[in-house]
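Please walk me through this structure as I have it open in my viewer, telling me what to select at each stop and what can be found there.

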Amino acid sequence: MDSQKIITADMSIPINNHFKIIAGPGAGKTRFLVNHIRNVLHHSNRLGRNKKIACITYTNIGVETIVDRLDEGVDHIEVCTIHSFLFTHVLKPFAFLIKSEHDIRVTKNMKPSEHLVSGYFDRTNLGTRHRLSNKELIQKTFWFIEGDFCKLHVRGKTVDMHADLYRYKKLFWEKGILHYDDVLALSWEILHNHPETLRVIRSKFPYIFVDEFQDTSSIQAEILKLITEKETTLGVIGDSAQSIYSFQGANVEQFNNFLLLDMSVYKMKDNHRSTQEILNLLNKMRTDINQESPEQKKGNKPLLLVGEPFSVANYIRGLINSNDLYTLSYSNIAANSMRDKVEYVANISSLTIESILIDNDSNNNRRKVIASLMKAVEFARQKSYKEAIREVSRHLIDEDSQRQAISIIHGLLSSYSEYSSNPLIEFYEKIKALNIIHLPNFQRRKGAQTPAEHFYRTTKYAELALLIKNQEKVGFDRTIHQAKGGEFENVLVVVKPKPNQNYNESRDLGFLLNPDINNEEHRVYYVAASRAQKNLYFCVPYLSETSVNKIKNICEIEYL
């Protein structure tokens with residue numbers, strides 16, 4: 001292995017050698033990658049009409065960023081996510097090779113999807129035999145490689161549950177639903193057990209470059225090793241301090257230890273994004289890279305404000321005399337809370353709206369309609385109209401379903417103020433009044449409310465709506481994970497405990513008080529702070545005198 005060579009974003013490296021680049025935030029990773037792709041386009045003799053460069057990143061935002069910066073040779077480049085790449089070039093054309101093992105049919109219009117809470121859980125013995133909850137199943141189930149095949153397991157469990165978990169997966173596959181993690185596992189089996197498929201992929205892609213490689217799971221890494229064992233040149237770029245996707249199987253050690261034969265290793269230490277005052281704070285949070293601003297950008301010290309988040313955000317907008325303030329929160333519910341200016345209650349802590357409804361409404365049809373139409377309304381409010389129409393259309397059988405869907409969305413949006421701050425029962429009644437989609441009535445026993453009706457009458461629509469994720473549109477109020485890959489002039493990092501927890505200063509502000517970049521929660525806040533270009537703010541509900549003394553050298557402090 002070569003020793004780490006220091007490079008900058010504008011330097012060139014050999015185009016036909018495997019390479020790994022370690023680069024902190026703002027180092028110019030994307031600029032380097034785009035320049036390197038241009039260099040390959042101009043000087044490689046390995047490209048042709050059917051031979052392309054595959055440029056893989058882990059978010060659609062990352063894809064858009066790279067595509068926007070590439071102004072030439074797009075016919076010879078395929079920029080996509082890892083799941084899209086594998087589904088298009090491995091699983092879709094070669095699924096027939098694993099038909100005997102899995103009996104899975106990949107249809108023309110099939111698209112991989114996120115694993116969400118569903119009623120399929122109730123058709124398994126996972127709850128009774130293994131004492132798993134629906135939510136736990138989604139959070140902790142993963143594929144791993146064993147011998148020539150992939151198996152399913154649940155993190156934290158010692159018993160072998162593969163057979164039962166596999167039966168659960170088959171329920172989705174029978175309905176044409178394929179999860180992102182399934183794409184990885186099935187693609188690995190195809191490539192590993194059918195070497196002729198590797199020859200096809202290598203022939204089509206003589207170069208594969210992977211951005212944000214620290215977000216790679218072990219199966220993804222093994223797939224890349226298989227493909228690039230011969231012929232194909234691999235380049236990976238990443239930063240272990242920005243590895244924040246362990247819940248999707250990413251492992252920071254995967255990046256640290258990843259090497260191929262004759263792979264050159266480089267390091268980029270510059271930060272072109274942030275002021276030196278912000279870099280001083282970031283350098284305190286990690287010790288492996290000490291970043292400096294080549295342009296010697298100067299600005300204000302980061303400001304930590306003690307107060308309530310909505311008030312703090314308004315105060316900052318006054319300071320900067322602008323509404324151009326991005327708030328970054330750890331959880332989806334906290335980000336949506338900032339967006340809608342609705343404080344969430346402690347007992348709304350589930351991952352999804354579906355899991356809340358499953359726990360409180362036993363009527364499968366009613367809860368599916370309520371979940372879909374709530375999503376449709378909230379998507380439409382964020383101008384994701386295509387997604388909104390898709391949610392409503394699930395429940396329409398009329399040939400003119402799109403027109404009907406638009407009519408339903410318009411009706412619910414026009415009366416939004418009449419139910420959004422009220423109990424969920426008001427939304428239920430609005431849907432009933434439209435008289436287009438059937439909603440089952442609540443059954444009463446001797447005149448008494450059922451638990452489901454009680455839930456609808458005591459849970460506010462606005463609180464439940466905070467759980468809705470919109471992957472397509474993100475605005476000024478985002479989760480830290482949604483902000484990954486972005487940069488913003490003014491950033492407010494909202495420090496709050498997770499739902500169902502009280503604020504604990506040593507834990508929740510630990511990323512500044514006692515930073516440990518090996519702690520993933522600290523890495524998440526490092527990613528948040530490193531998005532700021534000019535002004536960085538933190539909001540906390542409380543700050544002790546001891547903590548003031550610890551951070552006063554890197555932060556100004558104000559109380560609201």
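Begin by selecting Ser329 and Thr479, where Ser329 stands opposite Thr479 of strand E12; keep in mind along the way that this is a predicted model. Strand E11, residues 326-329, pairs with E12 in the parallel sense, and three bridges connect the two.

Now widen the selection to the sheet around this pair, an open sheet of six strands with parallel pairing, in the order E12-E11-E13-E14-E10-E15. At its edges stand strand E12 (477-479) and strand E15 (556-559), and because each has a single partner strand, one side of each is left without a neighbour in the sheet. If you look along the strands, neighbouring ones are turned by 25 degrees against each other on average, with direction ignored.

Then show helix H14, residues 332-340, which lies across E11, E12 and E13 and runs at about 180 degrees to E12.

For a view of the whole protein, colour the chain by its domain assignment, which gives domain 1 (5-87 + 193-274), domain 2 (103-188), domain 3 (277-343 + 475-559) and domain 4 (353-466). Taken over C-alpha atoms, the centres of domain 2 and domain 3 are separated by 36 Å.

The next stop is the largest nonpolar core, which has 61 residues, and the ones with the most contacts inside it are Phe85, Leu91, Leu178, Ile208 and Val210. Domain 1 and domain 2 both give residues to this core, so it lies between them. Select Phe85 to follow its surroundings: leaving aside neighbours within four places in sequence, Phe85 is in contact with Ala54, Ile56, Cys80, Val90, Ile201, Phe205 and Ile208.

Finish at Gln242, which has its place in the loop between strand E8 (233-238) and helix H11 (252-257). Is Gln242 buried or exposed? Its relative accessible area is 3%, so Gln242 is buried, given that the cut-off for this word is under 20%. Not counting residues up to four places away in sequence, Gln242 touches Ala23, Gly24, Pro25, Lys29, Gln214, Asp215, Lys484, Tyr526, Val527 and Arg531. With Arg531, the side chain of Gln242 also makes a polar contact of 3.1 Å to the side chain there.

How values were computed. Residues are numbered from 1 along each chain as its sequence is written. This is a predicted model: local features need pLDDT of at least 70, side-chain atom pairs count only at pLDDT 80 or more; totals for chains, interfaces and linings use all residues. Side-chain values use heavy atoms; hydrogens and water are left out. A nonpolar core is a set of buried Ala, Val, Leu, Ile, Met, Phe, Trp, Tyr and Cys residues joined through side-chain atoms within 4.5 Å. Buried means under 20% relative accessible area, exposed over 50%, partly exposed in between (1.4 Å probe, protein chains only). Domain bounds come from an automatic or database domain assignment. Contact means heavy atoms within 4.5 Å. Two strands pair if DSSP finds at least two bridges between them. Helices (H or I, at least four residues) and strands (E, at least two) are DSSP runs, numbered from the N terminus. Axes are lines fitted to C-alpha atoms, for helices over the stretch in contact, and angles run from 0 to 180 degrees between N-to-C directions. A polar contact is a pair of N or O atoms within 3.5 Å; within protein, one must be able to donate a hydrogen and the other to accept it, and residues adjacent in sequence count only if both atoms are side-chain atoms.
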